[in-house]
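Colleague: I would like to learn how to read the sheets in a model like this. Could we take them strand by strand?

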Amino acid sequence: MSISSSLNAGVSGLNVNASKLATISDNIANSGTYGYKRADADFSSLVLTQREGSYAAGGVRVSSYRQVDAQGTLVSTSNSTDIAVGGRGMLPVTAESALDNRGGDLPLMLVSTGSFEPDDQGYLLTASGLALMGWPADVDGTIPTQPRDSAAGLEPVVVNRNQFAASPTTEMTIGANLPAEATQAGSTGTSLPISVEYFDNVGASHTLVASFTPVVPTGSGQSNTWSLSITDSATGPAPIATYDVVFDSSTASGGSILSVTPTGAGTYSPTTGALTVNVARGPIEITIGAPGAPSNLTQLSSEFAPTGVSKNGAPVGNLSGVEVDPNGFIIASYDTGFTRVIYQVPIVDVPNMNGLNALDNQAFAVSAESGPLYLWDAGEGPTGATVGFAREESTTDIAAELTDLIQTQRAYSSNAKIIQTVDEMLQETTNIKR
């Protein structure tokens with residue numbers, strides 16, 4: 001009977017609009033929740049098989065979904081470990097409760113933004129108990145090759161505020177002008193030293209001394225040659241490397257390096273213009289300049305003047321802060337002035353973002369509908385860059401939700417009116433018997 005189908009259609013209308021109201025309520029309630037992705041309800045009609053000359057109402061059904069691929073506005077914060085994704089993709093996190101169970105794989109969850117702070121053990125956690133995940137860096141700050149189609153290489157990010165570290169010296173630059181008159185016959189042949197501090201693998205300070213001794217001709221003329229001797233305070237007074245450095249005296253290139261020849265331990269690359277010497281902690285590259293090119297070492301008719309002496313490395317320092325760069329690298333800063341990469345946070349992408357399963361605390365999980373995950377370097381492929389000092393606002397538009405609320409209220413009232421009308425019509429049918 002078509003009147004019964006009208007009643008059923010009215011009831012289904014009430015149900016779907018109640019579901020629509022539930023999504024609107026969630027959206028409005030979470031309008032100030034960072035990282036919230038608005039929910040919505042989609043209606044679709046149901047059609048019953050019709051008999052000739054009559055019509056039966058099929059009603060309506062609802063399917064709810066969450067617009068995970070929607071992007072909220074990014075807002076600036078004062079916390080360096082407030083992180084958002086400036087585009088497509090999610091940050092990998094895990095539950096704080098799973099950190100004590102390190103025997104197996106940690107459950108992977110995804111968030112679009114988070115305000116992370118170190119706890120008493122150094123784990124970067126949100127207030128709701130989500131721990132940031134990343135790939136740990138090697139001691140030299142490089143990230144080992146990791147699987148991209150699974151979370152097997154991800155570990156909880158640990159930042160200990162009392163963490164100490166040192167940066168060993170691996171590169172050095174020595175520049176100076178050597179007086180041309182010192183290589184003339186009759187000169188005193190006095191050595192000219194340049195001392196440079198360097199740091200070993202445990203942050204201890206040592207001194208490298210590069211002594212330039214002019215080669216003085218026994219007769220007349222000018223040799224334009226200097227004997228370079230390098231000593232290391234960590235190994236004693238004996239030289240660790242010696243070289244002969246010859247300067248050009250031609251009109252076109254006077255005063256520049258003509259050749260560098262190792263005369264003992266140590267090597268020289270005429271391509272890079274760098275000496276390689278082995279100190280107590282290992283090899284150090286010392287750039288002095290390449291032949292035929294502008295170099296750090298010159299021989300001009302002027303006084304001895306060390307210039308452009310520099311090095312990398314730093315003594316032991318205490319961790320003073322961490323930041324995340326656009327490529328997802330978490331960079332630790334130490335109070336002795338050096339920085340180092342300690343983790344890389346990849347960006348997780350799936351083929352269907354809206355197919356992710358919604359969890360508590362604005363988190364999501366991979367599902368069959370979302371498709372398999374892939375871990376990208378931030379800012380590469382389809383994914384956005386990581387943004388520090390920022391959080392993503394809720395994707396709820398209050399004005400639009402209030403408009404939908406009015407429409408849903410009217411639709412619910414109209415369906416209730418259908419039920420009331422059917423009730424009155426059935427009552428009239430009952431009254432026929434009287």
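This is a predicted model: local features need pLDDT of at least 70, side-chain atom pairs count only at pLDDT 80 or more; totals for chains, interfaces and linings use all residues.

Colleague: Which residue stands opposite tyrosine 198?

Modeller: Histidine 206 in β15 stands opposite tyrosine 198.

Colleague: What is the order of the strands in the open sheet of five?

Modeller: Two strands count as a pair if at least two bridges are found between them. Read that way, the order is β14-β15-β16-β17-β18, and the pairing is antiparallel.

Colleague: Which are the edge strands there?

Modeller: An edge strand pairs on one side only; here these are β14, residues 192–199, and β18, residues 257–262. From one strand to the next, the twist averages 25 degrees.

Colleague: Now the open sheet of three strands. What is its order?

Modeller: The order is β7-β4-β31, again read from the pairing, which is antiparallel. β7, residues 113–115, and β31, residues 385–388, each pair on one side only, and are the edge strands. With direction ignored, neighbouring strands of this sheet are turned by 20 degrees against each other on average.

Colleague: How many bridges join strand β4 to β7?

Modeller: Three bridges join them; β4 covers residues 82–86, and the two strands run antiparallel.

Colleague: And which residue in β7 does alanine 84 stand opposite?

Modeller: That residue is threonine 113.

Notes
Residues are numbered from 1 along each chain as its sequence is written. Side-chain values use heavy atoms; hydrogens and water are left out. Helices (H or I, at least four residues) and strands (E, at least two) are DSSP runs, numbered from the N terminus. Axes are lines fitted to C-alpha atoms, for helices over the stretch in contact, and angles run from 0 to 180 degrees between N-to-C directions.
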